[in-house]
Amino acid sequence: MRFMPNYKEPELVITGVGVTSSIGQGKTAFASALFKGQHAFGVMQRPGRKGEASFIGAELPSLSYPETISKRMLRTASFSGQVAMVTLQEAWDDAQLDDVDPSRIGLVIGGSNFQQRELFQTYEAYREKMHFVSPTYGLSFMDTDLCGLCTEQFGIQGLAYTVGGASASGQVAIIQAIEAIQANRVDVCIAMGALMDISYLECQALRSLGAMGSDRYADQPAMACRPFDKMHDGFIYGESCGVIVIERSDFAMKRQGKPYGKLSGWDMGMDRNRNPNPSYEGEVRVIKRALEKAKLSPEKIDYINPHGTGSVIGDEIEIKAIQNCQLSHAYINATKSIIGHGLSAAGTVEIIATLLQMKESKLHPTRNLEEPIRVDCNWVKNESIPAVIHNTMNLSMGFGGINTAICMQKYESGI
């Protein structure tokens, strides 16, 4: 049937979202704070993040746990695992997956080394009493534990695996989920950007590397996260987790699903570079190939959700790539300016932010964008603005030379 002249490949749509972040748990609270530009930046207090130096970031408030999640599993799960199950529950309910054949549901989790802070605390606590280490540590130290927790809790029997792509992991997971559906391995595939729970060792190393922001704003935490501003000096960490549910439009129609939007084009490419410095050529390549796959000319893109970390080099190169690809006309804001950089979670959370903005025909502000590094871009600055958004592009980049781009379109069908 795929080779018939009039056959049209079913569209891929997003029918469920779940999000947990420092500014709110759940899509309603998240969207409300996002449009108001509310933040939760401060000196991080979570145990295992307080060493000789202090670090600014945005940490989650206390979690609310749905009654449906096993209390036994919560007790033995890491913090990343708990957040994963809570966030997936929202997306699962949003997409109404209870009646879908569990053997036709897949799960791809973006990220690696999710649980560094808790692992570090375990080493410190049991250094002198190794025989008392909990047997569950034999499971929880592996990234696949998140797959095990989620597939057991939700009864998923299709594929499940993790993919590491550093800060691009969330979008890499989405691309892998898309390809699993296209290969007919599953009918529904869940993509998660998992919470990367870093310790003060990672914070210190990232600061020493020049990637994480310095202590310039130690006395003004609210001012520290400054994507695309001339006073930027590195990313500011923010705890978050995002989940989206992807399926074919014809399958969604049979289930009476309600798509947030459709995935129209995507690409991933490498720079042949182990180091953290970004590549202008690599970013341009994935942008152009994603547009080509989406069958969109640059002028059709209404809005870009960029990687936008606040990195001095990264911001400059990203804007140069955007302008080279003739996208200067598109609205640009930076979700990280409000929630911080979720590392492995960032790409998925920012896809959700884009979908919610598209749905509301409204764009959130960019905090601390006082003097943009380039004035000839269509910035959304310190206030939210109304905007009709039909076509969008999300960008994510990761250490190791990973570049990703995803285009989405407003879904016009009457599903």
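Mentor: Two residues are in contact when heavy atoms of theirs lie within 4.5 Å. Please keep in mind that this is a predicted model.

Trainee: Which residues of α13 do Gly-170, Gln-171 and Ile-174 in α7 meet?

Mentor: Helix α7 covers residues 169-182, and α13 covers residues 346-360. With the contact cut-off of heavy atoms within 4.5 Å, the partners in α13 are Gly-347, Thr-348 and Ile-351.

Trainee: Are α7 and α13 roughly parallel or roughly perpendicular?

Mentor: The axes of α7 and α13 come within 5 Å and cross at roughly 75 degrees. Angles of 65 to 115 degrees count as roughly perpendicular. Helix α7 is therefore, relative to α13, roughly perpendicular.

Trainee: How many charged residues are in the contact of α10 with α11?

Mentor: From α10, Tyr-280, Glu-283, Val-284, Ile-287 and Lys-288 take part, and they meet Ile-317, Glu-318, Lys-320, Ala-321 and Asn-324 in α11. By class, the residues of this contact divide into five nonpolar, one polar and, as charged residues, four.

Trainee: Against which helix do the buried residues of α8 pack?

Mentor: In α8 (residues 200-209), the buried residues are Glu-202, Cys-203, Leu-206 and Arg-207. Seen down the axis of α8, they fall within an arc of 130 degrees, so they line one face of the helix. An α-helix has 3.6 residues a turn, so residues three or four places apart point the same way. The buried residues of α8 pack against α4.

Trainee: Is Ala-345 buried or exposed?

Mentor: Ala-345 sits in the loop between α12 and α13. Leaving out residues up to four places away in sequence, Ala-345 touches Gly-193, Ala-194, Ser-240 and Cys-241. Buried means under 20% relative accessible area. Ala-345 has a value of 0% and is therefore buried.

Trainee: How far apart in space are Ala-345 and Ala-168, C-alpha to C-alpha?

Mentor: Along the sequence, Ala-345 and Ala-168 are 177 residues apart. In space, their C-alpha separation is 8.3 Å.

Trainee: What is the relative accessible area of Asn-113?

Mentor: Asn-113 lies in the loop between β5 and α4. It has a positive phi of about 55 degrees, although it is not a glycine. Asn-113 is partly exposed, and its relative accessible area is 47%.

Key. Residues numbered from 1 in each chain as written. Predicted model: local features only at pLDDT ≥ 70, side-chain atom pairs only at ≥ 80, totals over all residues. Heavy atoms only, no water. Helix = DSSP H or I, 4+ residues; strand = E, 2+ residues; numbered from the N terminus. Nonpolar A, V, L, I, M, F, W, Y, C, P; charged D, E, K, R; others polar. Buried < 20%, exposed > 50% of the residue type's maximum accessible area, 1.4 Å probe, protein only. Arc of directions from axis to C-beta. Axes fitted to C-alpha atoms, helices over the stretch in contact; angles between N-to-C directions. Parallel < 35°, antiparallel > 145°, perpendicular 65-115°, else oblique.
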